[in-house]
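Trainee: I'm new to this one. Can you walk me through it?
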Amino acid sequence: MMPRGASLTELQALYEREYPRLLRLAWSITADRAAAQDAVQDAFVSLIRHRKSYRGEGNIFSWAGRSVAREALRQRSRASKELGGEMPEPADPSSQTDLEQLSAIRNETRRLPERQRHVLFLRYFGDLAYDEIADILGVSVGTVSSTIHDAQAALKPRLEEVHTR
Amino acid sequence: MKAQIAADARLGRALDQAFPVDSSAAGNWADVLSAASAVKRPRRRLGTAVALATAAVLILGLPALAAINGWWFFGPGTPTATGPVVQVASATEGSDVWVLNAYSSDHGICTVLTRTTPSPAPIAAEGCDPDVHARGLSYVQTGASPPFVFGAVSPNVTRVTASLTNGQTVSVETIHSDSFDQYLFYVAKLPSGTSATVLNAFDESGRQVAQIHTLEQRP
């Protein structure tokens with residue numbers, strides 16, 4: 001199947017619409033806002049240059065998310081900062097959840113091994129499938145599956161608390 | 001495969017709330033376009049005798065630049081000059097001072113823009129292109145505000161126009177230097193927040209002799 005390609009207009013609309021979500025994805029990996037901003041910019045530079053290769057399969061956010069994740073991991077490999085100290089704090093919790101609970105989840109997530117955190121963030125912030133995550137991290141799909149399972153198991157007690165309140 | 005994934009919606013919701021999106025965050029599309037239109041600096045490879053048909057771009061903050069032989073753009077891994085560095089143009093607009101230099105090198109003709117404006121930040125950019133005569137023009141585009149596009153052109157080019165992302169077109173006359181018989185030069189200051197998407201070169205009769213789409217991927 002020939003790639004349908006993505007137009008500059010599409011990319012601009014995607015960038016402007018999804019910038020906050022893509023920044024969060026990058027930030028969750030780089031643990032640094034400036035590095036995350038660089039990652040998003042570098043990712044879109046790459047997307048512009050390779051826009052003709054966009055196949056039009058799946059959602060375009062995930063296509064951009066893969067590129068942002070790769071750039072964020074590249075940025076991350078240059079630094080050694082702890083996760084998320086500067087990421088925005090929860091401010092507007094739902095009726096099911098209060099700030100204390102969200103802080104607990106946040107702290108619990110920070111304590112996860114780096115690979116578990118990255119897999120979680122790629123899955124939930126990047127909306128990426130297991131095979132896409134495996135490709136980005138250079139691991140098998142089975143490893144992604146078991147890593148997510150381990151992370152879910154580690155966070156389960158906190159999630160139960162949130163759910164039952 | 002997405003179909004294989006039974007997403008844990010509860011975990012996703014919890015993480016979404018625990019690490020909320022900064023909805024006020026906004027990127028700068030013009031900067032992205034500018035960066036996309038800049039071309040990566042060619043890396044030297046030992047034993048490579050084939051000239052790289054790719055323009056080289058380097059954009060750096062001046063405070064970080066180390067002057068070697070009096071020029072910031074010479075150092076390890078940079079093109080080797082095969083002729084003198086010549087100032088081909090300069091301008092002062094209020095506090096905005098810029099200088100365009102050029103020199104022949106083992107990577108072709110190099111053009112260097114150095115801007116010493118203190119605010120928002122000084123910039124310096126360099127591009128080298130061994131293939132100007134085949135393409136008609138070379139270009140370097142800076143992402144700073146205001147952005148610049150500049151380069152070398154074939155000697156028959158008298159005017160260069162830049163089509164911008166905001167729909168406008170900027171037109172500049174080419175610049176002659178007694179030190180270069182085979183090249184003319186151009187430099188255009190662009191409106192802030194824009195970048196050039198297409199560069200056209202015209203000869204004296206108004207005939208278009210070269211065109212470059214700056215966003216096209218180079219080989």
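Predicted model: local features only at pLDDT ≥ 70, side-chain atom pairs only at ≥ 80, totals over all residues.

Trainee: OK, how many helices and strands are in chain B?
Mentor: Chain B has three helices and twelve strands.

Trainee: And what share of chain B counts as buried?
Mentor: 50% of its 219 residues. Buried means under 20% relative accessible area, exposed over 50%, partly exposed in between (1.4 Å probe, protein chains only).

Trainee: Switching to chain A, how much of helix 5 is buried?
Mentor: Nine of the eleven residues in helix 5 of chain A are buried, so that helix is mostly covered. Among them are Val119(A), Leu120(A) and Phe121(A).

Trainee: Why does Gln116(A) count as buried?
Mentor: Because its relative accessibility is 14%. Gln116(A) sits in helix 5 of chain A.

Trainee: What is Gln116(A) in contact with?
Mentor: Thr147(A), Asp150(A) and Ala151(A), leaving aside neighbours within four places in sequence. Contact means heavy atoms within 4.5 Å.

Trainee: At what angle do the axes of helix 3 and helix 5 of chain A cross?
Mentor: Roughly 155°, and the axes come within 12 Å. Axes are lines fitted to C-alpha atoms, for helices over the stretch in contact, with angles from 0 to 180 degrees between N-to-C directions. Helix 3 and helix 5 of chain A are therefore roughly antiparallel, a label for angles over 145 degrees.

Trainee: Which residues meet there, between helix 3 and helix 5 of chain A?
Mentor: From helix 3 of chain A, Ala69(A), Leu73(A) and Arg76(A); from helix 5 of chain A, Glu114(A), Arg117(A), His118(A) and Leu122(A).

Trainee: New topic: which residues have the most contacts inside the largest nonpolar core?
Mentor: Val40(A) and Phe44(A), in a core of 57 residues. Helix 1 (residues 8-30) of chain A gives the largest share, ten residues. A nonpolar core is a set of buried Ala, Val, Leu, Ile, Met, Phe, Trp, Tyr and Cys residues joined through side-chain atoms within 4.5 Å.

Trainee: What does Val40(A) touch?
Mentor: Not counting residues up to four places away in sequence, Val40(A) touches Tyr15(A), Tyr19(A), Leu22(A), Leu23(A), Ala26(A) and Val68(A).

Conventions
Residues numbered from 1 in each chain as written. Chains lettered and ligands numbered in written order. Heavy atoms only, no water. Helix = DSSP H or I, 4+ residues; strand = E, 2+ residues; numbered from the N terminus. Parallel < 35°, antiparallel > 145°, perpendicular 65-115°, else oblique.
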